[in-house]
Amino acid sequence: MRLDTAAIRRGCPGCEIGSFRHLCGAELDHFRNAARADGPLIVACTQQAAQFADEAGERPEGITFVNIRETAGWSRDGANAGAKMAALLAAAATPAPGHPLVTLSSDGIILIYGRDAAAIEAGQLLADHLDVTVMLKPPADLTPPAAAVFPIVKGTIRNARGHLGAFELTIDDYALPHRSSRDRFLFEASRNGAISRCDLVLDLSGEPPLFSAHDLRDGYLRADPRDPAAVLRAVLGARDLVGSFDKPKYVDFTPSLCAHSRSKLIGCHRCLDLCPTGAITPDGDHVAVNAEVCAGCGQCAAACPTGAASYTLPPADIQLHILRAILLAYHQAGGTHPVLLLHDGQHGTPLIDALARHGDGLPANVLPLAVNELTQVGLEAVIGAFAYGASAVRFLLRARPRHAVTGLSQTIATAEAILAGLGFDGQRAATIETDDPDVLGAQLSAIDIFPAVGMPATFKTVGKRGDLLRFGLSELHRLAPKPVDVIALPQGAPIGAVSVNTDGCTLCLSCVSVCPTGALRDDPERPVLRFVEDACVQCGLCQSTCPEKVITLKPQIDFRAARASAVIVKEEEPALCIRCGTPFGVKSTIDRIAAKLEGQHWMYPAGGERAAVLRMCADCRVIVMSEQQFDPIQDVPERAPPRTTDDYLRQRENKE
């Protein structure tokens with residue numbers, strides 16, 4: 001392949017660039033010398049990475065390996081791929097922090113669940129390596145083996161939960177076999193609700209999987225019993241799952257930022273709706289994330305409006321730094337109309353390799369960037385990419401994804417609405433769903449040439465997704481072809497305003513008490529409701545809490561909101577205590593309450609002294625009632641027994 005070192009130098013200013021024809025062979029001394037030097041070292045070869053790593057020995061600083069051959073040089077456009085090579089090298093040079101780990105431990109206790117001889121044969125293959133129990137799902141008409149090498153029982157799994165090293169199964173119709181079973185298994189009396197705990201589950205039942213997104217559940221292996229090759233692969237996989245295994249802790253969670261619920265009323269439930277493995281569950285006013293079950297799809301972090309859930313592989317701000325590096329280097333090296341191709345390593349990398357080896361390769365303007373999971377990419381990354389000068393963004397998905405990509409679809413829909421509203425013509429963000437490298441090449445070549453922003457932004461920010469998104473939006477708005485102030489967004493967008501029917505609002509300020517971001521505010525001096533749109537994350541807690549049901553969410557982006565002060569939604573005259581003059585509520589509300597109760601309720605007879613307390617502050621009310629020695633129970637009519645808090649709560653539940 002050809003190397004355009006001039007373009008690489010333009011895209012990587014300040015770097016020492018060395019080009020070779022046979023670095024892993026006749027020119028290996030050049031690598032040894034570079035490995036002994038101080039500073040970071042990037043080798044643009046992944047094929048001989050193992051050889052280079054051995055030659056480097058225990059180098060104080062690590063070596064980064066990046067592939068510019070299958071991704072750039074091996075292409076019909078390889079002669080023009082210099083700018084892309086510079087971009088890939090710049091992205092590899094962006095430092096990424098380490099990530100926390102979760103340790104899963106397995107002692108090799110395995111339950112093999114099946115309904116025919118395949119389950120027993122799998123047990124025989126694993127008996128020398130694992131602690132095996134085979135459970136046969138009825139009806140299982142099998143001849144018992146001549147020797148009882150491992151337990152064989154009967155049962156049907158009703159419910160399964162857990163992960164590698166800690167599975168818990170609830171089993172119905174559970175029974176042990178009679179030891180005298182002759183030509184077929186005979187079982188003792190069965191029972192329901194038996195509990196089994198094991199480290200591994202090998203499911204050969206041929207039934208629907210025990211877990212949603214079962215491919216992502218560590219320790220759960222599944223194969224069609226009619227496919228001997230698949231069964232053998234599952235058996236070999238299970239045999240190696242003994243010991244301790246480290247997996248990334250994909251999500252950091254800060255409960256204090258969560259806007260899930262308040263006072264048992266649900267607000268935000270985005271992460272619960274999107275999690276494919278069930279790793280996220282309600283936990284009081286917030287949610288809890290089971291790191292052992294989490295498979296790292298990242299949809300919770302991408303959708304979390306408050307930043308309570310944040311992805312670690314890498315964090316959102318580091319992901320944005322990488323996008324900045326790859327796009328700015330591409331432009332500096334002279335590249336034009338860059339298409340950012342986001343893909344994963346398990347599916348996307350082999351597909352790109354196959355296209356390079358057997359097809360035309362990637363077009364010169366397509367910049368591939370591998371991420372851990374495509375669904376981890378949030379709106380801030382897509383918006384940032386266009387602010388940094390991307391012409392288009394494509395997500396390379398499997399033809400049949402391993403789990404739902406609803407969150408990614410919502411991100412793309414929101415990004416498309418923003419881009420279209422700002423005058424970016426055409427389909428700028430979309431998915432490519434294929435397992436065929438030729439289809440991938442054809443779809444990439446068919447992308448229309450869209451103009452990017454005139455002068456790419458260069459901002460570099462740190463922080464949570466919300467902060468990154470706000471800054472990226474302001475930059476994109478500044479650079480947009482047709483900037484407008486307000487753009488309507490799809491439902492579920494994490495940006496927007498609230499609409500309040502002020503005629504029905506009583507200024508009870510329940511919405512203020514539950515707002516997790518301070519978007520809704522009061523004033524300690526007078527009855528007023530204020531709103532700060534820039535702080536609203538559309539969590540919905542205000543809407544679900546409002547007793548009058550006068551609040552609705554309004555997903556939109558108002559680019560003026562960042563500079564706007566709090567807007568007064570509703571303001572009323574305060575009620576002044578008739579005894580001391582202290583403001584203690586909303587005058588219209590107190591007037592309505594007094595009108596409903598005075599002369600209409602046995603406790604407040606018309607013209608009586610008791611009715612006056614309705615227009616007093618809390619302190620004066622206590623004083624007056626004490627002076628009058630008022631007993632609220634004394635004169636209760638028989639037909640109207642005292643109502644308790646539980647009575648009011650039941651009435652509210654019935655209304656809902």
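Residues are numbered from 1 along each chain as its sequence is written. In this predicted model, local features need pLDDT of at least 70 and side-chain atom pairs count only at pLDDT 80 or more, while totals for chains, interfaces and linings use all residues; side-chain values use heavy atoms, with hydrogens and water left out.

**View 1. A stacked pair of rings, Tyr-388 and Phe-459.**
The structure holds seven aromatic pairs (rings of Phe, Tyr and Trp, the last by its six-membered ring, with centres within 6.5 Å; planes under 30 degrees apart count as stacked, over 60 as edge-to-face and the rest as tilted). In the pair shown here, the centres of Tyr-388 and Phe-459 are 4.7 Å apart and their planes stand at 25 degrees, which counts as stacked. Tyr-388 sits in the loop between α12 (379-387) and β20 (392-397), and Phe-459 in the loop between α14 (437-445) and α15 (465-479), so the pair ties together parts that are 71 residues apart in sequence. Helices (H or I, at least four residues) and strands (E, at least two) are DSSP runs, numbered from the N terminus. Both Tyr-388 and Phe-459 are buried (under 20% relative accessible area; exposed means over 50% and partly exposed in between, with a 1.4 Å probe and protein chains only). Elsewhere, ring pairs link Phe-167, Phe-211 and Tyr-220 into a cluster.

**View 2. The salt bridge between Arg-32 and Glu-55.**
Side chains of opposite charge can pair when their charged atoms come close. A search of the whole structure finds 26 salt bridges (a side-chain nitrogen of Lys or Arg within 4 Å of a carboxyl oxygen of Asp or Glu). Arg-32 and Glu-55 meet at 2.9 Å, N to O. The pair links distant parts of the chain, with Arg-32 in helix α2 and Glu-55 in helix α3 (residues 49-56), 23 residues apart. Arg-32 is partly exposed at 28% relative accessibility, and Glu-55 is partly exposed at 33%.

Arg-158 counts as exposed, at 52% relative accessibility.

**View 3. Charged residues from Asp-523 to Glu-572.**
Asp-523, Arg-526, Arg-530 and Glu-571 are linked in a network of salt bridges. Glu-572 forms a salt bridge with Lys-570, their closest N and O atoms being 3.2 Å apart. Lys-570 is buried, with a relative accessible area of 12%.

**View 4. Phe-424 in its loop.**
This residue lies between α13 (406-421) and β21 (429-433). Phe-424 is buried, with a relative accessible area of 4%. Phe-424 and Lys-482 are 58 residues apart in sequence, yet 7.9 Å apart in space, C-alpha to C-alpha.

**View 5. Arg-9 in helix α1.**
At 44% relative accessibility, Arg-9 counts as partly exposed. Arg-9 and Ala-413 are 404 residues apart in sequence and 37 Å apart in space, C-alpha to C-alpha.
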